[in-house]
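Hi,

Here is the structure I promised to pass on. My notes on its aromatic rings follow below.

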Amino acid sequence: MTDNERLTKVISWSGLTENAFSLAIGYKRGQSIYNILKNRRPLTRSIATKICKKFPQINPIWLLIGEGDMLNNSVHALSVVPGTINDHQKGIPY
């Protein structure tokens, strides 16, 4: 599953429009989200962190690299920080 497919799934799950989703995670405009959805930019750790802070039910590892389930088995604050996974090996952009 690609970055834009995972992000589309999260936005759909949230029940928000793309623009409302962008506002909910702290962007004044939806351009960053739009660029991911249109495959112009990768989903970065920074954006994933914003999403997971607003929606802690979302599994950050799944959001970034597609491994595991979209939703955490238990809701807890899991930060997307360097060292959480082998960043260089997985090719996660900052």
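Predicted model: local features only at pLDDT ≥ 70, side-chain atom pairs only at ≥ 80, totals over all residues.

The count of aromatic pairs comes to two. The rule takes rings of Phe, Tyr and Trp (its six-membered ring) with centres within 6.5 Å; planes under 30 degrees apart are stacked, over 60 edge-to-face, the rest tilted.

W13 and F55 pair edge-to-face, at 5.8 Å centre to centre and 80° between the planes. This pair links distant parts of the chain: W13 lies in helix α1, F55 in the loop between α4 (45–54) and α5 (60–65), 42 residues apart. F21 and F55 are stacked, at 5.5 Å centre to centre with 0° between the planes. Here F21 sits in helix α2 (residues 18–24), 34 residues from F55.

Numbering runs from 1 along each chain as its sequence is written, and side-chain values use heavy atoms, without hydrogens and water.

Helices are DSSP runs (H or I, at least four residues), numbered from the N terminus. Helix α1 spans residues 3–14.

On burial: F21 and F55 are both buried (under 20% relative accessible area; exposed is over 50%, partly exposed in between; 1.4 Å probe, protein chains only). W13 is partly exposed because its relative accessibility is 34%.

W13 also has contacts (heavy atoms within 4.5 Å) beyond four places in sequence, including Q57, I58 and M70. The C-alpha atoms of W13 and M70 are 9.9 Å apart.

Best regards

Conventions:
Helix = DSSP H or I, 4+ residues; strand = E, 2+ residues; numbered from the N terminus.
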